[in-house]
Amino acid sequence: MTATDSPKHKKAKALKPGSRRPAKELCSECGLCDTYYVHYVKEACAFINQQIAEFEEETHGRSRNLDSPDDWYFGVSQRMMAARKKEPVEGAQWTGIVSTIAIEMLNRGIVEGVVCVQNTEEDRFQPMPVIARTPEEVLAARVNKPTLSPNLSVLEQVERSGMKRLLVIGVGCQIQALRAVEKKLGLEKLYVLGTPCVDNVTRAGLQKFLDTTSRSPSTVVHYEFMQDFQVHFKHEDGSEEKVPFFGLNTKKLKDVFAPSCMSCFDYVNSLADLVVGYMGAPFGWQWIVVRNDRGQEMLDLAIDQLNTQPVMSAGDRRAAVQQSIPAYDKGVTLPMWAAKLMGVVIEKIGPKGLEYARFSIDSHFTRNYLYVLRNYPEKLESHIPEYAKRIVGQYKLPDA
């Protein structure tokens, strides 16, 4: 019996748009509930049943070594490196490593389709998950969409298409749900290319962030919180705008991030085969984490097109993290001149490379721990992974 014929699929109906999801306000809108795989949601949802350690063991052959701080932060890995394309992909947010790997996998017949996210014709920031079957369709998905995206809503299409070899590009909450239903898909081979993810928003929340932060919200093509402690906005005319982290209007923006993102402890996409981001690399480079043999197979397809260098680490994040905890908690915003000055100082003497990644993880995990403690105390013990508790335990937190 195939997965499509399964009685469980026939009995389970996708939830109607707008209906309340089982994870309630913690729903990350991963798309699973938009399919007949909603039957498995209580087992699969990262915000109902957190099971990173179990899936790491199943996917990578081992879970994190809790005696290794590097494992706490970066998860299971075979190797890490910094890289960038020798010839960048035109229009890519960075140099186009993710798009290049996906296209190589299609062109070589390794996969028959790629689950990725394009945008709607009406709105460049409104995500539209698709199963790309051509390089052109993959390229149409380049550039991050910093909004909650129902990537897994296309899983029914995968089954119905008869595809047996698939690449899925996604973020942590989507990938945990995918791993939970992986064996139900009827695939011969599944490859997962992940990106680190933090602080997504609804489309309305994104607009509030743009309106509050950018000089020209309507012309922003993409943006990213970068290693130089500034938000980099790219505009339609090719110009770049930089806003210091410490100058953001924290009071106005504290409620803009999705509750699911405020409750997430999988910044580094623990369950992907290969992860491509920027947070652990020097400025201008991308950070690559190979988690297992499938990840290495994927990276090998593009390695000749990349300049690479070893990962590096410099500086000490801990004082900056400790100072940021009460500042965020109280919604402190510095005058712009002071924010710019602080950014310059921290860029010169602050954490870089892997130490910057640790800074970012520490800052978000301490914030998220407090959020769960204050809003979902009954979930504190079961929802927060042991590695995250150890990271948070390095710092003094304000009272609940």
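Which residues make the nonpolar surface patch of about 480 Å²?

Modeller: That patch is made by W337, L341, V345 and I349 (patch residues have over 30% relative accessible area and no salt bridge; nonpolar side chains, meaning Val, Leu, Ile, Met, Phe, Trp or Tyr, are joined within 5 Å, like charges within 9 Å). Bear in mind that this is a predicted model: local features need pLDDT of at least 70 and side-chain atom pairs pLDDT 80 or more, while totals for chains, interfaces and linings use all residues. Residues count from 1 along each chain as its sequence is written, and side-chain values use heavy atoms, without hydrogens or water.

I349 counts as exposed because its relative accessibility is 64% (exposed is over 50%, buried under 20%, partly exposed in between, with a 1.4 Å probe and protein chains only).

Now the whole chain. The protein chain has 16 helices and 13 strands, and its C-alpha atoms fill a box of roughly 65 × 50 × 45 Å along the principal axes. Of its 400 residues, 56% are buried. The accessible surface is about 17,600 Å², and 51% of that belongs to carbon and sulfur atoms (Shrake-Rupley, 1.4 Å probe; for residues, only the protein chains shown count as cover). Among contacts with a separation of 6 or more, 70% are between residues 24 or more positions apart (a contact is heavy atoms within 4.5 Å).

R179 gives a picture of the inside. R179 belongs to helix α8, residues 172–181, and counts as buried because its relative accessibility is 4%. Leaving aside residues up to four places away in sequence, R179 touches F55, T59, L190, V192, L271, A272, D273 and R294.

Strand β2, residues 113–119, runs antiparallel to β3 and is joined to it by six bridges (strands pair if DSSP finds at least two bridges). Within that pairing, V117 stands opposite P129 in β3.

On to the charges: the structure holds 22 salt bridges (a Lys or Arg side-chain nitrogen within 4 Å of an Asp or Glu carboxyl oxygen). In one of them, E58 meets K183 at 2.6 Å, N to O. That pair links distant parts of the chain, 125 residues apart: E58 is in helix α3 (residues 52–60), K183 in the loop between α8 and β5 (189–194). K183 is exposed, as its relative accessible area is 68%.

R203 and D123 form another salt bridge, with their closest N and O atoms 2.6 Å apart. These two also join distant parts, 80 residues apart: R203 is in helix α9 (residues 203–213), D123 in the loop between β2 and β3. R203 counts as partly exposed at 23% relative accessibility, whereas D123, at 18% relative accessible area, is buried.

Finally, E355 and R358 meet in a salt bridge at 3.0 Å, N to O. Both lie in helix α14 (residues 354–375), three residues apart, about one turn of the helix, and both are buried. They also belong to a network of salt bridges that links D70, R317, E355, R358 and D362.

Note on methods
Helix = DSSP H or I, 4+ residues; strand = E, 2+ residues; numbered from the N terminus.
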